Amino acid sequence: MSTVKTTKPTLTSPKKRTVQDIKKIYVLGPQASGKTTYLSALALLLKSQNPNHKLVTVTAQSDDAIALEQDGKSQWMNQTPLLPTDLAIDPSHLPEYKFLIEVSNYLRSNPLKIILTAKDYGGEFFQDLLQYPQPPRLKSYLRDCMNAATGWIIMLPDFSLTNLDADDIDSEYQDILQILIREAKQKDILRDLRLAIVMSKCERGELWPSRWEPERDLFKVRLPKTTEFLRKPSLIPQSNVSFFALSSFGVLGHNDPRPNRYTQGNGSAVLNNRDSWLPHGLINPLYWIATGNKWKNPSF
């Protein structure tokens, strides 16, 4: 009788996921902190002169994202400022920007794909949190930004919310974040929520050669109370908080660290030289929220 030879099935490791499906990232911050310009710059990233950004492909995938890309081309890249985001009574009426972001990496055979759906809230929402009595619209906005949130990009520029001095600005930012974090804890989303704390409008030459580190050299110096508050282990898992510097306009070049922005009389800023557009740090906050890892070069 012949013997039938059987072979054990070969066990193969499951393939690593190459798509990080980010349901929602919310972009929060005070008025004129650069939230809309940041999302528009993201849509226009293929035009960037930053060599790191050659590793990235960004494709607008919603009508709102396509419109924002066109607005960027015709407005702030042509020295016409973007209009500020209106705070609608119902946050469901806000534009929703969807992008496919593909990041190449020599360690990966396939690019990392990030599906980004972002909402850009008017700065009044950020400041509403400190008002008493709180405006009726606040509850719907808080509920909206907690909905299926994977991460928040919180832009804290080092200029004033009002005409307060630096210490009062720092205290206000701390108080606002305390309210947001308390709400997230009550909604039981804090354990899985990543907070990218971003110092926006950082047209600073020191950042490009990586001589400055955002948390140490920007946040601890300019917003020490806010930084100390966010670094309390009892408040939020520390692996879920990270600090970044970002500049949608950038500097004129590696050998010319002057800001590549033109500030108009009303205080709004636009790109000065579109042929030298060198934005800083546009992708890194998104990459960190998607993967839990920072890109090796902070200018990315």
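## Salt bridges in a predicted model

The count of salt bridges comes to 9, where a salt bridge is a side-chain nitrogen of Lys or Arg within 4 Å of a carboxyl oxygen of Asp or Glu. This is a predicted model, in which local features need pLDDT of at least 70 and side-chain atom pairs count only at pLDDT 80 or more, whereas totals for chains, interfaces and linings use all residues. Residues are numbered from 1 along each chain as its sequence is written, and side-chain values use heavy atoms, with hydrogens and water left out.

Side chains of opposite charge can pair when their charged atoms come close.

| Pair | N to O distance |
|---|---|
| Lys24 and Glu96 | 3.9 Å |
| Asp188 and Arg191 | 3.7 Å |
| Arg216 and Asp217 | 2.7 Å |

The side chains of Lys24 and Glu96 form a salt bridge; because Lys24 lies in strand S1 (residues 19–28) and Glu96 in strand S3 (residues 96–103), this pair ties together parts that are 72 residues apart in sequence. Strands here are DSSP runs of E with at least two residues, numbered from the N terminus.

In the pair of Asp188 and Arg191, Asp188 is exposed at 53% and Arg191 is exposed at 60%. Arg216, which meets Asp217 in a salt bridge, is partly exposed, with a relative accessible area of 47%.

How values were computed. Helix = DSSP H or I, 4+ residues; strand = E, 2+ residues; numbered from the N terminus. Buried < 20%, exposed > 50% of the residue type's maximum accessible area, 1.4 Å probe, protein only.
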